[in-house]
Amino acid sequence: MNRYFQEVRDAHALIRDCLGDAHTPDAVCDELLARFCPAFSMVTPRGAIMDFTAVDNLFRTQRGVRAGLTIAIEDLQLIAESDTGATVTYQERQTIPGQGETLRFATAVFETGADGRVMWRHLHETWL
């Protein structure tokens, strides 16, 4: 599997754990946040703009608020790839027991460090 597609899947498994289980260890959230560049930016489906500090705060303070959360990643597409990163689109289907389902379209920009590590640089999400 394309390494950027795998990164999307792996990061969302950690997001599911952080937001969906109040007993998730700090190390899981640390692992998730280590995937984001310090200069990370995000546009949420509601149009809010978040930086790394805001995303860090979100995952550290919202642990378990979406109990039972499941996330399915669908329709991964590679838009562009170079030696220094890639742009990927995908659909993210979130389900919370008793609350139904949401679907969003996402565009993610990744940077690849000199060590070969894939880092999230920017994410833009839109409700579908």
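**Buried cysteines and an aromatic cluster**

Cysteine 37 counts as buried, because its relative accessibility is 5%. Buried here means under 20% relative accessible area, with exposed over 50% and partly exposed in between (1.4 Å probe, protein chains only). The model is predicted: local features need pLDDT of at least 70, side-chain atom pairs count only at pLDDT 80 or more, and totals for chains, interfaces and linings use all residues. Residues are numbered from 1 along each chain as its sequence is written, and side-chain values use heavy atoms, with hydrogens and water left out.

Cysteine 29 is also classed as buried, because its relative accessibility is 0%. The structure holds zero disulfides. A disulfide is taken as a pair of cysteine sulfur atoms within 2.5 Å. For cysteine 37, the nearest cysteine sulfur belongs to cysteine 18 and is 18 Å away.

Four aromatic pairs were found in a search of the whole structure. Rings of Phe, Tyr and Trp (its six-membered ring) pair if their centres lie within 6.5 Å; planes under 30 degrees apart count as stacked, over 60 as edge-to-face and the rest as tilted. Phenylalanine 36 and phenylalanine 40 pair edge-to-face, at 4.7 Å centre to centre and 65° between the planes. Both residues are buried. Phenylalanine 36 also forms a tilted pair with tryptophan 120, at 6.0 Å centre to centre and 40° between the planes. Phenylalanine 36 lies in strand E1 (residues 36-43) and tryptophan 120 in strand E6 (residues 118-127), so this pair ties together parts 84 residues apart in sequence. Strands are DSSP runs (E, at least two residues), numbered from the N terminus. Tryptophan 120 is buried, as is phenylalanine 36. Ring pairs link Tyr4, Phe36, Phe40, Phe110 and Trp120 into a cluster.

Definitions and conventions:
Helix = DSSP H or I, 4+ residues; strand = E, 2+ residues; numbered from the N terminus.
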